[in-house]
Amino acid sequence: MTLQKFTKYIIIIGASSFFFSCSEKKEIKKSKEEHKVGKIYAMQPYGENLPEIASAKKQMVQDSMDYLYKKEFFSNDYSGAVLVAQNGKILYERYSGMSNFEKKEPVNADTPLHIASVSKVLTASAVLLMIDSKQLNLDAKVKTLLPEFPYEDITIRMLLNHRSGLRNYSYFIEDKGAWDRHNTLHNSDIISILNNAKIQLEFKPDTRFSYCNTNYAILALIIEKITKLDYRTAMKKLIFEPLDMKNTYVFDITKHADTASNSYKGNYIKYPLNHLDDIYGDKNIYSTARDLLKFDLATYSPTFLNKKLLKEVYKGYSYEARGKRNYGLGIRLLEWEDDKKMFYHNGWWHGNTSAYITLRKEKATLIALSNKYTRKAYYLKLATGLFGDYPFHIRKKGDNLME
């Protein structure tokens, strides 16, 4: 091939790629516009067919997970769900225990369990959808959206990455009798208490990380402000319904107190509902492992957030202290020196514990939900070594399972 022909060939290929890219972007934009709730983009299911998992890989995962489950989860009389998937294909799934031990109602694939702070991942996604839709700015000051909010310098980004300096509402409502515990606390009450009790910040905003449930309770109010819908309806329309998450809902103490799965201590004593059980955003989403898998797969869709925003989500923001642990926008991460990252979120509320791990490079999803208190749900990170070069492994023959 002559130099002239080669150059012409390169130009044609380059032009084709350019037009294909533009066409693809237009299709993505069109699809997003067609799936709006008001002015907000709704999440869409992942529409592409991902590769099947080789039978040998399936068997390896099943054998390893069986060992982990029988040795660790089941030995604790685990009550809940464990699911491991790759490319959206379920490789391992186990259900055990009871959603209601008094009525002998077993946990199964369709049983919604309280996912505790894994709720933050979903709340963050709703906020990010509003940002992607240009209805909210990531660095907007909260006070410009909620005028009664008493702090000038806290932004949406700082709420999402826990760098706001806010104190935890479950602690400051105890200050000087700021709240009567005989009354149910609601999200809107939090701002009133911040003002009336003159609650001080723990530190200057954006100077360090401090995990705080108040951040996400406030984000839920912002979702309501922007969508003009209550949080429960907004989450349903933006995420749950579009992704066919049929067994997912936001708990309402006036409607679900007698029907939701119960929460138990390790000795089977039921946790009673209390004055904090109607706060949402930071917790209070009930879901199933299969529904969370649908959500996780949808985060790979080209329609889920623009590329620039997506990069903001999956990076760490807190490097004041040395260590592997960090936090993005609604997701935890572990970072190692070889640039490998593991994204996850854990949860704990009453007797409910939860673990959600999303291995972005390998498209693997690992989920554990329990409604009877156990830290064993967090042991699911040991299974990440089944999918890549992660420093966690399921060890056999009497080895200590924990790194």
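I looked up the largest cavity and found about 110 Å³ of space in it. A cavity here is a set of points on a 1 Å grid over the protein atoms alone where a 1.4 Å probe fits but cannot get out, and lining residues have an atom within 4 Å of a point. Points are joined across faces, edges and corners, and the volume is the space filled by probe spheres set on them. I note 15 lining residues, of which Val-121, Ser-125, Phe-295, Val-313 and Tyr-314 are the closest to the centre. By this rule I count 1 cavity of 30 Å³ or more.

Helix H3 (119-132) gives the most to this lining, with 4 residues; strand S13 (352-359) supplies at least two.

**Basis and confidence**

I am reading a predicted model, in which local features need pLDDT of at least 70 and side-chain atom pairs 80 or more, while totals for chains, interfaces and linings use all residues. Numbering runs from 1 along each chain as its sequence is written, and side-chain values use heavy atoms, with hydrogens and water left out.

The average pLDDT (the predictor's confidence in each residue, from 0 to 100) is 92 for the chain, and 93% of residues score at least 70. Over residues 398-403 I find pLDDT below 50, yet this stretch has 17 contacts (heavy atoms within 4.5 Å) beyond near neighbours in sequence.

**Overall build**

I record that the C-alpha trace spans about 85 × 55 × 40 Å along its principal axes. Of the 403 residues, 53% count as buried, meaning under 20% relative accessible area with a 1.4 Å probe, protein chains only.

Technical notes:
On a 1 Å grid over the protein atoms alone, a cavity is a set of points where a 1.4 Å probe fits but cannot get out, and a pocket is an open set with protein on both sides within 12 Å along at least five of seven lines; lining residues have an atom within 4 Å of a point. Buried means under 20% relative accessible area, exposed over 50%, partly exposed in between (1.4 Å probe, protein chains only).
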